[in-house]
Amino acid sequence: MNVWLSDAIFDPIRIPLDSWFANAINWLTINYRPTFQAMKVPIEVILGNVETFLQWLPPIVFIVLLALFAWRVAGWKIAVFSALAFTLVGMIGLWSLTMTTLSMVVASVLVCMVMGIPLGILAARSDRFRAILRPVLDVMQTTPSFVYLVPVVMLFSIGTVAGVIATIIFALPPLIRLTDLGIRQVSTDVIEAAEAFGSSEREILVKVRLPLALPTIMAGINQTIMLSLSMVVIAALIGAGGLGRPVVEGLNALRVGVAGIGGLAIVLLAIVLDRITQALGEGRRTSTES
Amino acid sequence: MVRSDGCCDANRDGKPGDTVIRAEHLSKIFGPNPSSALELLEQGQRKDAIRESTGHVVGVDDVSFRLKRGEFFVIMGLSGSGKSTLLRCLNRLIPPTAGRVVLETDEGEIDVGAASARQLRDIRTRHLTMVFQRFGLLPHRSVRDNVAYGLEIQGIDRGQRIERADRALDLVGLGGWGPSRTSELSGGMQQRVGLARALATEAEVMLMDEPFSALDPLIKMQMQREMIKLQSELGKTIVFITHDLDEALRLGDRIAIMEDGRVVQLGTPERILTSPSTAYVADFVEHADPTNVITARTVSVELDHDRVDELRREAGGRVIVHRTQSDVEIVIDDDDRVREVRADGGRAELVPIDTLLAEEAPTSRYRDRAAVVRADRPLRTLLEARNLCNLPVLVIDHDERLIGLVTEREIIYSIIEKRGRDALNGDSAEVAA
């Protein structure tokens, strides 16, 4: 066949990008593994403490506290639903795994907030920084998570912490984007008024921009929580504990029942967290706007 | 064109001590290279030409004025005339491209343009405060915390902040609304919060950027009345922006009219209305309601004093100044005070207009009572007087000396032409011994 009409045309200019990638990761692993291992420490600490606490807390106490909190922020319907959902989770024997998953979500959301909100503020204040950040966020959101599981394992080894790190990569972008959006959306009228009354840049940020952006930032946190939950099963592939385990086991051993209850628990957890955090955001919105 | 009108006015009026702000040759050009456009501006090119040749937008073009302590200074113009930009140059929310803004305070002069970040903050918290068209309130704060915002920035402690905020809320008629959310309030009430926020800082000068434009007409009128009252009580100096001529005429001690970034006329409302300096201003005032602006002094046919003196020498003592209508005679004494008015062969009673207005209206117009009106009262009062008395209205000065007469003819003329006696002078008054 004519060389010009087949993919052989690329042979002279073929590049071994795959081995370049591999070499880069290997190089990082060999030279900087201790650095990456050290980066795990804060996540380990947060995760360890949250999980120890949640596993220690008697389920009945947890359910009562959760129901009370849900009732305060979201009304009695959500409170009843939350209590029933967690009771069901206990009844199907997944209480402990659910607490592990919940602590993974809490840890990854906390880290996302610590990183995402400041990055969002910077992006809102500098168009240049935002232009640099945007493609990075696009890559983080669109790269299939299986692609970065391998390097994550090589750099951070397997386990729940590695799972949390993979989760953070996936769940961080919307919080940054929504923080940026929320701050940029604050009306110039209000900012001008604050300026006219002598406010400094920092005062405008703290007293005007952030409070007014809060509903949007809360929506970002809600998104981050939902995305964290959607990573539970994938994180289990690299050895993370929690509700992903039964699903992966069920997949491997074709045990439909085990996978089914694991999936059900994830869905219930997602609904409860979504409704409560949404109400939290809207509660602020109504208390600020009505 | 009266390019330097504002400047001249300023020089004439400015006595040291009563000036609060001096704006000196302010210009503002928006665009990437303002100084190049500024040169063109100084060469006398106009806004449109500069935009076409360089793409720069001229916001303010060589504006100077002196703001007098305690005056209500209105800047009026259509949108795009540069009035909001000019206002923002005063507190440097928009830094001017050229010219100076000088604040005259008890502690000496402050050049706003040269102020450091700290000084600027001090200027904005203590000297110049501001009220905005779209209120600019913080929706996440209570009414009280909104009002206290400026004080919070000044670092005043919470107890005192609340006290001063509540006092300011009382002033604007919102006492007791402190704990509410701003979004629970109507537009008019929200602007009162904006006003209270400005008052709470106790700054001497209030910059008001079309504060009532977003309000419906009734609320707007009410706010204007209260604004006049507040200013007379608190003695604030106010720079007030509007695109509404009637509002400008109602509120302003002086009005600066802007077109294409320049002040084309600066003067009292009556002056603007009765002698517009350019066709642009004339267009503006054409549909204005003159009845609250033009004064009785302007409307009345003034006494011809030379003639009166001449007659006095001839006749000695009392002089009859008016006999155009059948059998109406107005007799004045040596001090120009009205002695008597005779109509239809009888003597008419002299009654101050306010007394007449307080009484019940007569079924037909009086011919045995003549209304007396002070010279500074508006045309509207003359209309009311003529509505009650079918005799010439007697216009007097503060010493009760007769300065002129008003009949239907003068009233109609001043409403149609928005001008006064200068055109009619001596035409209808007859002076006889």
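**A tour from a helix pair to the chain interface**

Select Leu379(B), Leu382(B), Leu383(B) and Arg386(B) in H17(B): they meet Glu408(B), Ile411(B) and Ser414(B) in H18(B) (contact: C-beta atoms, placed from the backbone, within 7 Å; helices, H or I of at least four residues, and strands, E of at least two, are DSSP runs numbered from the N terminus). This contact divides into four nonpolar, one polar and two charged residues (nonpolar: Ala, Val, Leu, Ile, Met, Phe, Trp, Tyr, Cys and Pro; charged: Asp, Glu, Lys and Arg; polar: the others, Gly among them).

The model is predicted: local features need pLDDT of at least 70, side-chain atom pairs 80 or more, while totals for chains, interfaces and linings use all residues. Residues are numbered from 1 along each chain as written, and chains are lettered from A and ligands numbered from 1 in the order written.

Now show all of H17 (379-388) and H18 (408-417) of chain B. They pack at about 145 degrees, axes 11 Å apart (axes are fitted to C-alpha atoms, for helices over the stretch in contact; angles run from 0 to 180 degrees between N-to-C directions).

Next, the sheet of chain B. Six strands form an open, mixed sheet in the order S6-S7-S8-S3-S9-S10 (pairing: at least two DSSP bridges). S6 (128-131) and S10 (262-267) are the edges. Pick S3 (72-76) and S8 (237-242): they run parallel, joined by five bridges. Val74(B) stands opposite Phe240(B).

Finish at the contact between the chains: 16 residues from chain A, 17 from chain B. On chain A, H8 gives the largest share, six residues.

Note on methods:
Two residues are in contact if their C-beta atoms, placed from the backbone, lie within 7 Å.
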